Amino acid sequence: CTVIFTRLATRDLHKPISILFCNLAVSDLFTSFSGFWISMLFITNPDITIFGSKDMLAPYALYTTSILSTIYNLVSIGVERYLAVAESMRTRFRVARNHSIAVVFINWVLAFFLGCLPLMGWNCLHAERSISVLYSPFCVDYLIFIAIPNVVLAFIVPLFTYLRIIIILRKRKLRMQACGQATGTYKSAETQVARTSISIWLLALVSYAPFFAGVIFDATNQRCHADLYPGVYIFRNCTAMLITITCLGNPLLYTLKLRALGAKLKALRCLPTNRVRACAI
């Protein structure tokens, strides 16, 4: 919420990349909200989160939608950063504010469509044979359809874009060195991008890899719910906690560092004070 507030209230942050950052914060907010909804259902009626119920379709669908939106936003941010860095090299395409708004709209439409497929009928409320053990009443084939391509997308596309950014910055640094000019800016940018990309990869690996492993286990498992209780469901809850940690880490990695966040909040807090002084004068 702090990221959304500062992005909307600060005029100098109304840029194409800021729209993607703000939308990423919205996706993380939806992920946290849907996870809290599932947690409350577990507290009030644990059996429906283990054996499945019609009441679990809506929260699971919202949870899936928010996770898909987060993945698509991360991919969009990587592509936008690559286009911004490669703009002066060989491409004339410039990302505008309208492009970011269109990308945000497409991301949410795609995420809602794929995430709400169980609400449209692709569920296993009346089909016990292919029902998911971890995420009942979802079907195993639906989880495979959602998890495999999107997890691969979340790993491959950022890997390509950030590696390309590092390569472009390194080429510019070598070109500047050949001309006898200072290269401190490019060296600093290359180091910052490398650190950020490594952090992105580690955060994605820690958060989404266990969920992907759970889906693979779900597809190969032949035992019923009671035989797997409680160990497998503890693992499922841990994967949900890791995804929530991703929602907390994204603002620090992509949007605002702690010092920058404090400076922005201080500037926003000083705006009403300055207006009062101006009116008094």
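Start by selecting Tyr233, which lies in helix α9. Helices here are DSSP runs of H or I with at least four residues, strands are runs of E with at least two, and both are numbered from the N terminus. This is a predicted model: local features need pLDDT of at least 70, side-chain atom pairs count only at pLDDT 80 or more, and totals for chains, interfaces and linings use all residues. Residues are numbered from 1 along each chain as its sequence is written, and side-chain values use heavy atoms, with hydrogens and water left out.

Stay on Tyr233. Is Tyr233 buried or exposed? Tyr233 counts as buried because its relative accessibility is 3%. Buried means under 20% relative accessible area, exposed means over 50%, and partly exposed is in between (1.4 Å probe, protein chains only). Tyr233 and Ile50 sit 183 residues apart in sequence, yet 7.6 Å apart in space, C-alpha to C-alpha.

**Zoom out**

Show the whole protein as a cartoon. There are 10 helices and 0 strands. From the N terminus on, the elements read α-α-α-α-α-α-α-α-α-α. Colour by burial next: of the 281 residues, 44% count as buried. Then turn to contacts (heavy atoms within 4.5 Å). Among contacts with a separation of 6 or more, 76% come from residues 24 or more positions apart.

**The second largest pocket**

Select Gly35, Ile38, Ser39, Asn237 and Ala240. Of the 18 residues lining the second largest pocket, these lie nearest its centre. The helices α2 (16-44), α4 (57-86) and α9 (231-255) each supply at least two residues of that lining. The space in this pocket is about 360 Å³. Rolling a probe the size of a water molecule over the atoms shows where empty space is left. The search uses a 1 Å grid over the protein atoms alone: a cavity is a set of points where a 1.4 Å probe fits but cannot get out, a pocket is an open set with protein on both sides within 12 Å along at least five of seven lines, and lining residues have an atom within 4 Å of a point. Grid points are joined across faces, edges and corners, and a volume is the space filled by probe spheres set on the points.

**The largest cavity**

How many cavities of 30 Å³ or more does a search of the whole structure find? It finds 2. For the largest cavity, select Thr64, Ile67, Leu143, Ile146 and Phe211, which lie nearest its centre among 16 lining residues. Here α4, α6 and α7 (184-220) each give at least two lining residues. About 200 Å³ of space lies inside.

**The surface**

Switch to a surface view. The protein exposes about 15,800 Å², and carbon and sulfur atoms supply 68% of it. Areas come from the Shrake-Rupley method with a 1.4 Å probe; for residues, only the protein chains shown count as cover.

Stay with α6 and select Leu159, which sits in that helix. Leu159 is partly exposed, because its relative accessible area is 32%.

Move to α7 and pick Phe217, which lies in that helix. Phe217 has a relative accessible area of 30%, so it is partly exposed.

Select the loop between α5 (97-115) and α6 (140-178), where Arg129 is placed. Arg129 counts as exposed because its relative accessibility is 85%.

Last stop: Pro137, found in the loop between α5 and α6. What kind of peptide bond joins Ser136 and Pro137? The bond is cis, with omega about 10°.
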